[in-house]
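Visitor: I would like to learn how to read a fold from its coordinates. Please take me through one example.

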Amino acid sequence: SSGINAEWPLRPGDSHYFESYADYTIHAEMLQDKVRTEAYRDYIYKNKDIFSDKDVLDVGCGTGILSMFCAQGGARSVMAVDNSKIVDKARSVIRSNNLSSKIEVVKGK
């Protein structure tokens, strides 16, 4: 664990915004957008020189798909941050893909 305190005070209206991303529906919709998801994946995989041995910060990581692409694309480490409960799913997906040693998931903003 990085020891980073990622809990910042919420401003009025923040809770609704962040919790709207806790629902799996929006993430399923984004993941099912094959053109979008594959475009991100292909860019990362085809440009490994940009990611190789770099530390990557994925803010608003959602399910962690871009974090995993970066880890598989050669990043030294990835910090995946999200302020909604979707981080629990990200941790599970990252663990299932054996990438926990490269990707740290943080709930916060």
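Visitor: Which are the buried residues of α5?

Guide: A caution comes before the answer: this is a predicted model. The general idea is that an α-helix has 3.6 residues a turn, so residues three or four places apart point the same way. In α5, the buried residues are S67, M68, F69, C70 and A71.

Visitor: What covers the buried residues of α5?

Guide: The cover includes α3 (34-46), α4 (48-51), β1, β2, α6 and β3. Helix α5 lies across β1, β2 and β3, and runs at about 175 degrees to β2. After α5 comes G74, with a positive phi near 110 degrees.

Visitor: What is the order of the strands in the sheet?

Guide: In general, strands of a sheet pair through backbone hydrogen bonds, either parallel or antiparallel. Here the sheet is open, has three strands in the order β1-β2-β3, and its pairing is parallel. Because β1 and β3 stand at the edges with a single partner strand each, one side of each has no neighbour in the sheet. On average, neighbouring strands of this sheet are turned by 15 degrees against each other, direction ignored.

Visitor: How many bridges join β2 to β3, and how many pair β1 with β2?

Guide: Five bridges join β2 to β3 (residues 103-107), and these strands run parallel. In that pairing, D82 has K107 in β3 as its bridge partner. The chain passes from β2 through α6 (residues 86-96) to β3 in a right-handed β-α-β crossover. Strand β1 (residues 55-59) also pairs with β2 over five bridges, in the parallel sense. There, D55 has S77 in β2 as its bridge partner. From β1 the chain crosses through α5 (residues 65-72) to β2, and this β-α-β crossover is right-handed.

Visitor: Why is β2 described as largely enclosed by the rest of the structure?

Guide: The test is burial, meaning under 20% relative accessible area. Strand β2 (residues 77-82) has five of its six residues buried, so the rest of the structure largely encloses it.

Visitor: Where does α6 pack, and which strands does it touch?

Guide: Helix α6 packs on the sheet and touches β2 and β3, with its direction at about 165 degrees to that of β3.

Visitor: Which residues have the most contacts inside the largest nonpolar core?

Guide: In soluble globular proteins, nonpolar side chains tend to be buried together. The largest nonpolar core in this model has 17 residues, and those with the most contacts inside it are V56, C70, V78, I94, L99, I103 and V105. The elements giving two or more residues to this core are α5, β2, α6 and β3. Helix α5 gives the most, with four residues.

Visitor: Which residues does C70 touch, not counting those up to four places away in sequence?

Guide: C70 touches I44, F51, V56, A75 and V78. C70 counts as buried because its relative accessibility is 7%. C61 also counts as buried, at 7% relative accessibility.

Visitor: How many disulfides does a search of the whole structure find?

Guide: The search finds zero disulfides.

Visitor: What is the phi of D53, and where is D53 placed?

Guide: D53 is not a glycine, yet its phi is positive, about 60 degrees. D53 sits in the loop between α4 and β1, and counts as exposed at 52% relative accessibility. N98 likewise is not a glycine and has a positive phi, of about 55 degrees. N98 lies in the loop between α6 and β3, and is exposed, with a relative accessible area of 67%.

Conventions:
Residues are numbered from 1 along each chain as its sequence is written. This is a predicted model: local features need pLDDT of at least 70, side-chain atom pairs count only at pLDDT 80 or more; totals for chains, interfaces and linings use all residues. Side-chain values use heavy atoms; hydrogens and water are left out. A disulfide is a pair of cysteine sulfur atoms within 2.5 Å. Buried means under 20% relative accessible area, exposed over 50%, partly exposed in between (1.4 Å probe, protein chains only). Two strands pair if DSSP finds at least two bridges between them. A crossover is right-handed if, with the strands pointing away from the viewer, the path from the first strand over the helix to the second runs clockwise. Contact means heavy atoms within 4.5 Å. A nonpolar core is a set of buried Ala, Val, Leu, Ile, Met, Phe, Trp, Tyr and Cys residues joined through side-chain atoms within 4.5 Å. Axes are lines fitted to C-alpha atoms, for helices over the stretch in contact, and angles run from 0 to 180 degrees between N-to-C directions.
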